[in-house]
Amino acid sequence: QVQLVESGGGLVQAGGSLSLSCVVSGSIFSINLMGWYRQAPGKQRELVAGITSGGETNYGDSVKGRFTISRDNAKNTVYLQMNSLKPEDTAVYYCNANGRARGRYSTNDYWGQGTQVTVSS
């Protein structure tokens, strides 16, 4: 089994910063793309940021210039640094990893349990 465990969510005032991290463990063999998604109440899950194994990144339009995604391939860990937070960033943030588990030939999407980020105005 592959497990993703997120940490770092919480409550912050507008303009503040938070850092999220996500560790992938278990029977993972290789990870291609890692990313962060978020879902606010009543809204669809949306991409926040993604990063390839080579370090190429992409961001959702609403977070460009404020959030930074990074990863440590040796630790199977992805990070999200969130600066200049706004109330509209309030959501449950989910870690995602696309990769291959040991003994499998195909890749799959794996998800964390989610961590709440709340930005007060």
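This is a predicted model: local features need pLDDT of at least 70, side-chain atom pairs count only at pLDDT 80 or more; totals for chains, interfaces and linings use all residues.

Reader: How many bridges join E7 to E8?

Author: Six bridges join E7 to strand E8 (residues 77-82), and the two run antiparallel.

Reader: Now one residue. Where is Ser21, and is Ser21 buried or exposed?

Author: Ser21 sits in strand E3 (residues 18-26). The cut-off for buried is under 20% relative accessible area. Ser21 has 19%, so it counts as buried.

Reader: What does the side chain of Ser21 make a polar contact with?

Author: With the side chain of Ser7, at 2.8 Å. Leave aside neighbours within four places in sequence, and Ser21 is in contact with Val5, Glu6, Ser7, Trp36, Val78 and Tyr79.

Reader: Trp36 is in that list. Which residues have the most contacts inside the largest nonpolar core?

Author: Trp36, Leu80, Met82 and Tyr93. This core has 29 residues. Elements giving two or more residues to the core are E1, E3, strand E4 (28-39), strand E5 (46-51), E7, E8, strand E9 (91-101) and strand E11 (115-120). E9 gives the most, with five residues.

Reader: On to charges. How many salt bridges are there?

Author: The count is four. Glu46 forms a salt bridge with Arg38, with the closest N and O atoms 2.7 Å apart. Glu46 is partly exposed, at 35% relative accessibility. Arg38 is buried, with a relative accessible area of 6%.

Reader: Which residue meets Lys64 in a salt bridge?

Author: Asp61 does, through the side chains, at 3.1 Å from N to O. Asp61 is exposed, with a relative accessible area of 66%.

Reader: And what does Asp89 form a salt bridge with?

Author: Arg66, where the closest N and O atoms are 2.8 Å apart. Asp89 lies in the loop between E8 and E9, and Arg66 in the loop between strand E6 (57-59) and E7, so the pair ties together parts that are 23 residues apart in sequence. Both Asp89 and Arg66 are buried.

Reader: Which residues are linked in a network of salt bridges?

Author: Arg38, Glu46, Arg66 and Asp89. Follow the pairs in the viewer: Glu46 with Arg38, then Asp89 with Arg66.

Reader: Last, the hairpin. How many bridges pair E9 and E10?

Author: Four, in the antiparallel sense, between E9 and strand E10 (residues 108-111). Asn96 stands opposite Trp111 in E10.

Reader: Which residue takes a positive phi in the hairpin of E9 and E10?

Author: Gly103, with a phi near 85°. This hairpin has six residues between the strands.

Terms used:
Residues are numbered from 1 along each chain as its sequence is written. Side-chain values use heavy atoms; hydrogens and water are left out. Buried means under 20% relative accessible area, exposed over 50%, partly exposed in between (1.4 Å probe, protein chains only). A polar contact is a pair of N or O atoms within 3.5 Å; within protein, one must be able to donate a hydrogen and the other to accept it, and residues adjacent in sequence count only if both atoms are side-chain atoms. Contact means heavy atoms within 4.5 Å. Two strands pair if DSSP finds at least two bridges between them. A nonpolar core is a set of buried Ala, Val, Leu, Ile, Met, Phe, Trp, Tyr and Cys residues joined through side-chain atoms within 4.5 Å.
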